[in-house]
Amino acid sequence: MQEYKRIEITKDQVVPIAEQMRKKEIYLVMIHGFLNKDGQPDISYEYAVGPVIESYHVVGESTVPSITEIYDTAAEWPERELNELFGWTFEGLDTSKRLFLPYDLMEDQGKGQIMVKPLSELRKLNGTEKEESK
Amino acid sequence: MSYVVPIGPYHPALEEPIHATLYTEGEVIRDAEIFVGYNHRGIEKIATERNAIQTLVLVERVCGICSHSHAFTYAMCVEAINKVEVPKRGQYIRVITAELERLHSHLLWMGIACHIIGHDSMFMHIWDERERIMDLLEKLSGNRVNYAMVTIGGSRRDIDDDLRRDILKGCNDLKAPLMKMVDFVVNDKTIAMRTKNVGVLTRADAIRLGAVGPHARASGVRTDVRVDAPYSSYDDFEFDIPVVESGDVYARVVVRALECVESIKIIEQALDTLPEGPINNGNKLPKIQEGVAVCRHEAPRGQLSHMVVGSGKLENYRVSVHVPSYKNTPTIPHMLRGNTVADAGLIIASIDPCFSCLDR
């Protein structure tokens, strides 16, 4: 059966763990990320050790070292995705190109964050506010 | 003379939107770049506003061909967080649907490969056989795509005795034409000339770039989630994992053709030993408890992983979908180098790409 093991690490341990795993030819499943309930970044590196997924979490850091050198595109694409969608920095990652976001976002907004506004606010901005139904 | 040749995002040789820029010298591709993101629908974001049953419907729509895989994996994640045990019969029905899906996906891809090669009559023969699988899936679930066979804690539809006989007969009828097809694909001179030594991905490259699924198995990497990390009763069945060493487009055709045979084996075993009992744990809307789970499933294209974060509410806190094409697409530039422009469409298609999965 598949299992999931959560392990907390600091950001200094990211690269040594990746190097160890690479040496043992262990597969990097994915680098996931989300903002936890306190609004802190939670970046997790998932390695498939047999049927067990060992998940190394770095909590509360918006800047972590990149492991692209070690895991090539298997790490590069997830890191670029997290960089584009959350704005977190991966030190050593080439972000001169876009993966998912359009290229024209690069010029004036720099970091590539799409500011998603709720529909109600957009309507206010455009002056097309709906009359509230009674 | 060197040229820059753009292919896509909309191009007759491609099924789905991807943009490739080829840097060529005469006919030969020296370097290539690929660009994705033309099909982004924000499914992960929408999922944070839905409950578990609504999310099942949503994630099935990530992809039309491997729709069951997404619902299957998402359900496994929620069950892992909530510690729900799925009844054996429910697990078997999930496996049967997954394998039928693999069959139809592989046949679809083989048909398209033959079409790109220029072997249109073979394409029609293969899709004719695929239609039988689609009929079986329609009988089983009521739908040709988006089967809606999964619910949290089991399967939604049962397989009765008539249906069991129908599927067994359908699989049995498929064997002879499938063997003929495998034989043809493996031995035909036209297909071999067009695909051998085209788009080679070496074993070292496949491991380095993290290729998955049939794409990796065609490069000699023995990896399959069904065996490496068995789930949902896959360890009850006996089947082989076809591995071919050569790593070219031909190897990918052969691997997929042989996998079809293995899928039929699994379906037959599952139907022969279908356990008695309930198929699910009732249709109650579950709360997703606090916790994180990552589950993997061998989708037709390779390893599919979902991450679900629950917060004790009905809605998901976060769903993250990561599909096999996410790992296979970056291998395309490596395969394109040194090949001719005429083969570019075939090489891009040879990973069985699914860009609507990739962009989500």
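User: In chain A, what share of the contacts with a separation of 6 or more comes from residues 24 or more positions apart?
Analyst: Such residues account for 52% of those contacts in chain A. Two residues are in contact if their C-beta atoms, placed from the backbone, lie within 7 Å. This is a predicted model, where local features need pLDDT of at least 70, side-chain atom pairs count only at pLDDT 80 or more, and totals for chains, interfaces and linings use all residues. Residues are numbered from 1 along each chain as its sequence is written, while chains are lettered from A and ligands numbered from 1 in the order in which they are written.

User: How many helices and strands does chain A have?
Analyst: Chain A has five helices and six strands. Its pattern along the sequence is β-α-β-β-β-β-α-α-β-α-α. Helices (H or I, at least four residues) and strands (E, at least two) are DSSP runs, numbered from the N terminus.

User: What percentage of chain A is buried?
Analyst: Of the 134 residues in chain A, 28% are buried (20 or more other C-beta atoms within 10 Å of the residue's own, C-beta atoms being placed from the backbone).

User: And of chain B?
Analyst: There, 54% of the 360 residues are buried.

User: What is chain B built from?
Analyst: Chain B contains 15 helices and eight strands. Its radius of gyration, taken over C-alpha atoms, is 20 Å, close to the 21 Å from the globule rule (2.2 Å times the number of residues to the power 0.38), so chain B is as compact as a globular protein of that length. Its C-alpha atoms fill a box of roughly 65 × 45 × 30 Å along the principal axes.

User: In what order do the strands of its open sheet come?
Analyst: The order is E1-E2-E3 in chain B, with antiparallel pairing. Strands E1 (2-7) and E3 (28-35) of chain B are the edges, each pairing on one side only. Strands pair if DSSP finds at least two bridges between them.

User: How many bridges join E1(B) to E2(B)?
Analyst: Six bridges join E1(B) to E2 (residues 19-25) of chain B. One bridge pair is B:Ser2 with B:Glu25 in E2(B).

User: Switching to helices. At what angle do H5(B) and H6(B) cross?
Analyst: Helix H5 (residues 120-141) and helix H6 (residues 161-187) of chain B cross at roughly 165°, their axes coming within 10 Å. Axes are lines fitted to C-alpha atoms over the stretch in contact, and angles run from 0 to 180 degrees between N-to-C directions. H5(B) and H6(B) are therefore roughly antiparallel (over 145 degrees).

User: Which residues make the contact?
Analyst: Among them are B:Ile126 and B:Leu136 of H5(B), and B:Leu163 and B:Gly170 of H6(B).

Key:
A residue is buried if 20 or more other C-beta atoms lie within 10 Å of its own, exposed if 12 or fewer, and partly exposed in between; C-beta atoms are placed from the backbone. Angles under 35 degrees count as roughly parallel, over 145 as roughly antiparallel, 65 to 115 as roughly perpendicular and the rest as oblique.
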